[in-house]
Amino acid sequence: MKSGEVQLETTIGQLQIDLHPDLFPNSTKLFLQQIILSNFTNSSIAHLIPGFLLKLSPIPIQDDALRLKILTEVSNNESLKNASKFYSQTGVVGLKLSKDEKYVEYCITFGPADALVSKYLVVGVVNFFFFSFFFFPKCIDTFFFFFSF
């Protein structure tokens, strides 16, 4: 595994994510911080469209300074331009803040998803994935995330 890459393993499959801290520094930092704090363990699926999108239940943000930086990143036009390049070409891991800005919501797309450009910041690009839930979507309601970097 190369630098800047995260291996995600769940009870239903795995994927590799290429991180882009040069383009999305604060969203990447939050993502890594939540990995270290084990905030993804036992995460549940809030929304699933097999073969296209997986959205996780909201996770609390514990770092107020980082929350403010992400708000700045969200309002930055350059971040949206960078995000549009990724959403139009490939699968991504994206994040957005909840309406009360106390939680972060993650989504994983598995192909082009232009409609999400203005809603989600990019954390990384999905490099490889294999999920068995594409065949049995009703069987899965909880993720166990294990990361290595």
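This report describes a helix, a loop residue and a pocket in a predicted model.

**Helix α2**

Helix α2 covers residues 64–75. At 1.5 Å a residue, its twelve residues should span 16 Å, and the end C-alpha atoms are 17 Å apart, which agrees. Four residues of α2 are buried: Leu66, Arg67, Ile70 and Glu73. They cover an arc of only 115° around the axis, so they lie on the same side of α2. The face turned away from that buried side carries Leu68, Thr72 and Ser75, which are exposed. At the N-terminal end, α2 is capped by Asp63, which places a side-chain oxygen 3.1 Å from the backbone nitrogen of Ala65.

**Ser98**

Ser98 is in the loop between β6 (92–97) and β7 (103–109). Is Ser98 buried or exposed? Its relative accessible area is 11%, and buried means under 20%, so Ser98 is buried. Leaving out residues up to four places away in sequence, Ser98 touches Tyr103 and Glu105. The side chain of Ser98 also makes a polar contact with the side chain of Asp100.

| Atoms or groups | Distance |
|---|---|
| Asp63 side-chain oxygen to Ala65 backbone nitrogen | 3.1 Å |
| Ser98 side chain to Asp100 side chain | 2.5 Å |

**The largest pocket**

The largest pocket has a volume of about 210 Å³. It is lined by 13 residues, and those closest to its centre are Val74, Lys96, Leu97, Ser98 and Lys119. Both α2 and β6 supply at least two residues of the lining. The largest share, three residues, comes from β6.

How values were computed. Residues are numbered from 1 along each chain as its sequence is written. This is a predicted model: local features need pLDDT of at least 70, side-chain atom pairs count only at pLDDT 80 or more; totals for chains, interfaces and linings use all residues. Side-chain values use heavy atoms; hydrogens and water are left out. The expected span of a helix is 1.5 Å times one less than its number of residues. Buried means under 20% relative accessible area, exposed over 50%, partly exposed in between (1.4 Å probe, protein chains only). The arc is that of the directions from the helix axis to the C-beta atoms. A polar contact is a pair of N or O atoms within 3.5 Å; within protein, one must be able to donate a hydrogen and the other to accept it, and residues adjacent in sequence count only if both atoms are side-chain atoms. Contact means heavy atoms within 4.5 Å. On a 1 Å grid over the protein atoms alone, a cavity is a set of points where a 1.4 Å probe fits but cannot get out, and a pocket is an open set with protein on both sides within 12 Å along at least five of seven lines; lining residues have an atom within 4 Å of a point. Grid points are joined across faces, edges and corners, and a volume is the space filled by probe spheres set on the points.
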